Amino acid sequence: MRTSLIAAALALSAFAGAASAQSATYNLDPSHTFPRFSYNHFGLSTQQSRFNNTTGTVTFDKAAKTGAVDVVIDMKAVDTGFAAFNGHIQGEDFLDTAKFPTATFKSTKVVFDGDKPASVDGNLTIKGVTKPVTLKIVNFVSTTHPMNKKDVIGAEATTTIKRSEFNAGKFAPYVGDDVTITIALEAIKQ
């Protein structure tokens, strides 16, 4: 009798723990998720471009203060605002999209400030080179979408990398080696 009571208590405890779990997975909304990058061009201006095709997931648990991010960026979907330059930047000296059509970011740790994520540590892979980066979250919202009434999250995060560390450093330092990456992200709960 005592063994069955202990087993029942353990089962109830496990069920209660599972029922209270707040973890949810969100799919990136490709129509509202755009990684952008900017760099100094010969000291004349700050050039800004973006990638038009991004997929991935975000896992978020507000109660447990945990999360994960897994993003794939289609490097062939680079948009500089000028078709000829899109092709130029996809060449071997820069993104080399013929050999490396995607870039990825996979989180290793999410740091919370209160009940919101403040930064995401992870591994960024560009041109087959993987480096650790920290994305600083400058805005984060978890809410119900006002139009489709589904749970959504939105965020904006930023980091700065040296493009030469990813074998994309042609013309540095004249064309800035420091590249600021900013990701505007919206994701819908699965």
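Biologist: Taking two strands as paired when DSSP finds at least two bridges between them, in which sense do strand 2 and strand 11 pair?

Modeller: They are antiparallel, with five bridges between residues 34–41 and residues 178–189. Strands (E, at least two residues) and helices (H or I, at least four) are DSSP runs, numbered from the N terminus. This is a predicted model with residues numbered from 1 along each chain as its sequence is written, and local features need pLDDT of at least 70, while side-chain atom pairs count only at pLDDT 80 or more. Totals for chains, interfaces and linings use all residues, and side-chain values use heavy atoms, with hydrogens and water left out.

Biologist: What does F34 face in strand 11?

Modeller: A184 is the bridge partner of F34 there.

Biologist: And how many bridges join strand 2 to strand 3?

Modeller: Six, again antiparallel, with strand 3 covering residues 45–51. H41 stands opposite S45 in strand 3. The hairpin of these two strands has three residues between them, and F42 takes a positive phi near 55 degrees.

Biologist: Handy. Which other residues besides glycines have a positive phi?

Modeller: K65 has one of about 55 degrees, and F171 has one near 75 degrees. K65 sits in the loop between strand 4 and strand 5, whereas F171 is in the loop between strand 10 and strand 11.

Biologist: Why does K65 count as partly exposed?

Modeller: Because its relative accessibility is 43%. Buried means under 20% relative accessible area, exposed over 50%, and partly exposed in between (1.4 Å probe, protein chains only). F171 is partly exposed as well, at 42%.

Biologist: What's up with the peptide bond joining A172 and P173?

Modeller: That bond is cis, with omega about 10 degrees. P173 lies in the loop between strand 10 and strand 11.

Biologist: Switching to confidence, what pLDDT does the protein average?

Modeller: The average is 90, and 89% of the residues score at least 70. The score is the predictor's confidence in each residue, from 0 to 100.

Biologist: Where does pLDDT stay under 50?

Modeller: Over residues 1–20, and for that stretch the model has zero contacts beyond four places in sequence. Contact here means heavy atoms within 4.5 Å.

Biologist: OK, the core. Which members of the largest nonpolar core touch the most others?

Modeller: F105, L124 and I161, out of 39 residues. A nonpolar core is a set of buried Ala, Val, Leu, Ile, Met, Phe, Trp, Tyr and Cys residues joined through side-chain atoms within 4.5 Å.

Biologist: Where is L124 found, then?

Modeller: In strand 8, which spans residues 116–126. L124 counts as buried because its relative accessibility is 8%. Leaving aside neighbours within four places in sequence, its contacts include F105, V133, I161, F166 and I181.

Biologist: Now the holes. What volume does the largest pocket have?

Modeller: About 510 Å³. Of its 32 lining residues, the closest to the centre are F37, I89, L95, R163 and V179. Elements giving two or more residues to that lining include strand 2, helix 2 (83–89) and strand 7 (102–113). Strand 2 has the largest share, five residues.

Biologist: How are pockets and cavities defined?

Modeller: On a 1 Å grid over the protein atoms alone, a cavity is a set of points where a 1.4 Å probe fits but cannot get out; a pocket is an open set with protein on both sides within 12 Å along at least five of seven lines, and lining residues have an atom within 4 Å of a point. Points are joined across faces, edges and corners, and a volume is the space filled by probe spheres set on them.

Biologist: How many cavities of 30 Å³ or more does the search find?

Modeller: One in the whole structure. The largest cavity holds about 250 Å³ of space. It is lined by 22 residues, and V58, V69, V120, I137 and A155 lie nearest its centre. Strand 5 gives the most to that lining, with five residues.

Notes. Pairing = 2+ DSSP bridges.
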